[in-house]
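Hi everyone, and thanks for coming. Today I'd like to walk you through a structure that may be new to you, so please have a look at it first.

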Amino acid sequence: MISNVWIAVLVFYPMVGALISYLVGKKSKTARNMVANFITISEFALTVYVVISQYASVIPMVGEEVISSGRGALAVGTYMNAELTIPEVCGLGIHFVLDGFRSVYALVVAFMWMMVTLLCPEYFRKYRNRNRFYAFLLMTLGATMGVFLSADFYTTFIFFEIMSFTSYVWVAHEEKKEAMRAAETYLGISVIGGMVMLMGIFMLWNSLGTLTFSEIGIAVKVLQGYGGRLTGEMIAAGICILFGFAVKAGAFPVHIWLPKAHPVAPAPASALLSGVLTKTGIFGIIAVTLQLFQNTEWFGYMLMVIAVLTMLIGALLALFSIDLKRVLACSSLSQIGFILTGLATVAISGGENILAARGTFIYMVNHSLLKLVLFMAAGVIYMNTHKLNLNEIRGFGRKKPLLHIAFLLGVLGISGIPFFNGYVGKTLIHEGILEVSNIPGYVEVLFLLAGGCTLAYMLKLYICIFIEKNNNAEKQAEFDGKKKYMNFGSGFAIMGSAAMIPFIGVVPNIIADKIMDLGQSFFGVGILDHGVHYFAFHNMKGSLVSIAIGAILYYALVRVCLTEKDKEGQLVYADYWPKWMDLENMIYRPVFIRFIPFICGVICRVLDSLVDFFVVLLRKTVYRDSALPHELTEGNPITHVAALIADKVIWVLNKTFFKKKPIRKSFEHIFAVRWEEQAENNQIIGRSLSYGLILFCLGLVLTIIYLMWVILK
């Protein structure tokens, strides 16, 4: 069995590598690129070694039962747990675990970072601040590994926040107005989500006394076994945690960062944002759904509503968009909806729907790989044209076979076409929906409709870039003449990633099933006791229905309703989406920038006025001033007595000696003023250096006199 220390190495090695890469980059850009490539390649190699070593070490534990059952991978996945605790970090310590689910996603993360890093040197050859990007690229790799290997919500939160702040730099990399605004939105909503999540984590700790995923599930089962229910605090904690993870996943209605961050972020960053970072949010949603709300049907229905809205809104936005990376970003939003639909199906069925659980997991993995390919291909297009508008990049890929093949594989995979990887997950989720009788029938209809929308907007991209010609003949000739559009490193990264799409989809019983066997234990479902005939007609008909819907939508909607003729009579893709219909600008920014500060200002002013009102009221009632019975108007008792004596003496003199010219003076004021003047003079003298020296000399003289008296005595 591997040493548990290797788990920490997987997390912290890239973070140390980020510092090394940055320092090397100060001296040599070429050396920096080599260091970054070495770190990500070695991270992938190390991850493979750790997973294989842990996997192999438990085979003897399984024994003959595994061989006879024919489901060795599942049994191994059940036992493959390595744990590591680093105590006293942030008070509660951080806890890592390596099981089947985490092993798969550690491999996915390491593989995607390796491929993206291979693309970076060519993509960033004309960019500024490359050193900064590489440093934060590697920092985010370590943070993402930390999220997926975390064993409790607190550890997840720590690395989740690190990941949010380091990936913010990706979005803001170009430092243009659009990039800074998108980065502002991304960071703002991430911070809000993180703080809400932390509040939920504290409440959950207060309610259950644990944050470890497996212990939460056990505590809830014990509670429900004794006839108990989730308390209001537990439910509130779960909703807060769900909100925090939904922000990063890009689920409706906190999806606003996703369609804006991808078009402005560099393509390598977009590939990771869409392919991996959104899955960290899904990871957390799975944990809170199947551990805390494992037998809470209403939560499953709430999650289903969120999932369906996310799925449909993303598809609708992608259909209307004419920006290549925005289409892919909105596609990610829609695909997150598909994944959440599978998870909601598991939740509604009480954690008993094995097909939906396995479909959810393999869909996560496949979507990661698909978005890696599609965004890297989009990156190649952008670094050659510096454009993303479909009308401007139209026809770019016509005579570029490698790029054509890679993009086509991505289109076929994400559209759920049989024999490609995306088909496996969609089929299992669809069959899982059909197995649950209390899921409304319209959910299946909307699921198939969203699948058709996926094919329609992906056909729009594929046909525009690789089949149609550009309306500008000179530009098309320039596109066709560009033979060296990517170097060997970029080509290897894209084609190596694209090869995984048919590899998983053609023989799903050999590849996809083994991946799902490893990952399904995290969902807490039982063992699948029968094989799935993926290419049987009853399993394929859902996919065929979506394909038919997609074809109809493409020709009836995309080709007819979403295109128009320009001044020269040529067909162009039209942007008909209303500019004002923006959830961020319509609701979120007005609420958070104007409405909430205004309301808080009004409340503060009211409270401030109330304080002043009560102070004045008390001063005029309970604490009002009252004259003392013998209060002096001025001076002090000494001056007052002296003034009384002086006034009596003057009165006697006025009656006798000064009878003709009486003295008209009151000594009360005179003595008071003289007393104040004398006090002020004494204070001035007391503070003066001369006075201090006089006193010092006087003291010295007295001391000498005393000493002489003692000696002479």
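A word on the source before we start. This is a predicted model, so local features need pLDDT of at least 70 and side-chain atom pairs count only at pLDDT 80 or more, while totals for chains, interfaces and linings use all residues. Residues are numbered from 1 along each chain as its sequence is written, and side-chain values use heavy atoms, with hydrogens and water left out.

Let's begin with the core. The largest nonpolar core has 207 residues. By nonpolar core I mean a set of buried Ala, Val, Leu, Ile, Met, Phe, Trp, Tyr and Cys residues joined through side-chain atoms within 4.5 Å. Buried is under 20% relative accessible area, exposed is over 50%, and partly exposed is in between, with a 1.4 Å probe and protein chains only. The residues with the most contacts inside this core are W113, F153, W170, I285, L324 and F523. Its largest share, 22 residues, comes from helix α16, residues 354-385. Helices here are DSSP runs of H or I with at least four residues, strands are runs of E with at least two, and both are numbered from the N terminus.

Which residues is F523 in contact with, leaving aside its neighbours within four places in sequence? They are F101, I286, L290, L343, A357, T360 and F361, where contact means heavy atoms within 4.5 Å.

Now for the empty spaces. Rolling a probe the size of a water molecule over the atoms shows where empty space is left. The search uses a 1 Å grid over the protein atoms alone: a cavity is a set of points where a 1.4 Å probe fits but cannot get out, a pocket is an open set with protein on both sides within 12 Å along at least five of seven lines, and lining residues have an atom within 4 Å of a point. Points are joined across faces, edges and corners, and a volume is the space filled by probe spheres set on them.

How many cavities of 30 Å³ or more does a search of the whole structure find? The search finds two. The largest cavity holds about 110 Å³ of space. It has 14 lining residues, and K426, F447, G542, S543 and S546 are the closest to its centre. Helices α19 (421-435), α20 (441-467) and α25 (537-558) are the elements that give two or more residues to this lining. The lining divides into four nonpolar, nine polar and one charged. For these classes, Ala, Val, Leu, Ile, Met, Phe, Trp, Tyr, Cys and Pro count as nonpolar, Asp, Glu, Lys and Arg as charged, and the others, Gly among them, as polar.

The second largest cavity has about 40 Å³ of space. Its lining includes Q335, Y363, N366, H367 and K426.

The largest pocket has about 1,300 Å³ of space. Of its 44 lining residues, P259, K260, P263, R326 and D582 are the closest to its centre. The largest share of the lining, six residues, comes from α9. By class, the lining has 23 nonpolar, six polar and 15 charged residues.

On to the cysteines. A search of the whole structure finds zero disulfides, a disulfide being a pair of cysteine sulfur atoms within 2.5 Å. For C561, the nearest cysteine sulfur is that of C453, 13 Å away. C561 is partly exposed, at 42% relative accessible area, while C120 is buried, at 0%.

Finally, some single residues. F293 sits in the loop between α13 (267-292) and α14. Is F293 buried or exposed? F293 is buried, with a relative accessible area of 0%, and its contacts beyond four places in sequence include L230, M234, W298 and F299.

W675, in helix α28 (667-687), is partly exposed at 41%. Beyond four places in sequence, W675 is in contact with N636, I638 and T639.

Two backbone details to close. The peptide bond from F252 to P253 is cis, with omega near 5°. H386, in the loop between α16 and α17 (390-393), has a positive phi of about 55° although it is not a glycine.
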